[in-house]
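Here is a short briefing to read alongside the model. It moves from the annotated segments to the side-chain contacts.

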Amino acid sequence: MAWVYLLIAAAFEIGWAIGLKYTQGFTKLWPSVFTVTAMVVSFVFLSLAVRTIPVGTGYVVWTGIGAVGAAILGIILFGEPITVWRALFLLLIVSGVVGLKFTAH
């Protein structure tokens with residue numbers, strides 16, 4: 001169940017990372033409410049996950065999924081550039097996350 005919590009936490013991390021763009025510096029009410037809510041939910045599920053998963057592993061997986069998800073959505077939603085190098089480094093992050101998942105105790 002801890003890994004499910006971690007995936008939920010990571011999904012909400014992606015949500016708040018993308019939400020930051022829509023808050024326009026926290027000057028827009030509803031995007032700001034969504035973003036702060038997503039932050040809280042993300043941290044709650046991360047805290048539930050690291051009760052079982054080692055904190056180092058949980059944190060790295062959480063930030064890795066969040067970083068890759070935010071980068072991909074940035075490309076899709078905001079037209080951010082995708083280059084071979086950027087794709088390669090995103091794949092390296094994914095491989096690190098997968099490796100940590102399979103080596104966690």
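Let's start with R86, which is partly exposed at a relative accessible area of 25% (buried means under 20%, exposed over 50%, partly exposed in between, with a 1.4 Å probe and protein chains only). This is a predicted model, in which local features need pLDDT of at least 70 and side-chain atom pairs count only at pLDDT 80 or more, while totals for chains, interfaces and linings use all residues. Residues are numbered from 1 along each chain as its sequence is written, and side-chain values use heavy atoms, leaving out hydrogens and water.

**Salt bridge**
- The structure holds one salt bridge (a side-chain nitrogen of Lys or Arg within 4 Å of a carboxyl oxygen of Asp or Glu).
- R86 forms a salt bridge with E80, and their closest N and O atoms are 3.4 Å apart.
- E80 is partly exposed too, at 30% relative accessibility.

**Annotated segments**
- The unreviewed UniProt entry lists residues 29-50, 59-78 and 84-104 under "transmembrane region"; positions follow the numbering used here, feature names are shortened, and annotations may be inferred rather than shown by experiment.
- Residues 29-50 are 95% helix and 0% strand, with end C-alpha atoms 32 Å apart (helices are DSSP runs of H or I with at least four residues, strands are E runs of at least two, and both are numbered from the N terminus).
- Residues 59-78 are 100% helix and 0% strand, and here the end C-alpha atoms lie 27 Å apart.

**Aromatic pairs**
- The structure holds five aromatic pairs (rings of Phe, Tyr and Trp, the last by its six-membered ring, with centres within 6.5 Å; planes under 30 degrees apart are stacked, over 60 edge-to-face and the rest tilted).
- One of them joins Y5 and F45, whose ring centres are 5.7 Å apart with planes at 55°, so the pair is tilted.
- This pair links distant parts of the chain, with Y5 in helix 1 (residues 2-23) and F45 in helix 2 (residues 29-49), 40 residues apart.
- Y5 is partly exposed at 24%, and F45 is partly exposed at 21%.
- Y59 and W62 form a tilted pair, 5.6 Å centre to centre with 45° between the planes.
- Y59 and W62 are three residues apart in helix 3 (residues 55-78), so about one helical turn separates them.
- Y59 is partly exposed at 46%, whereas W62 is buried at 4%.
- Ring pairs link F43, Y59 and W62 into a cluster.

**Charges over rings**
- The charged end of K21 sits over the ring of F78, 5.4 Å from its centre (NZ of Lys or CZ of Arg within 6 Å of the ring centre and within 35 degrees of the ring normal).
- K101 lies over the face of W3, 4.8 Å from the ring centre.
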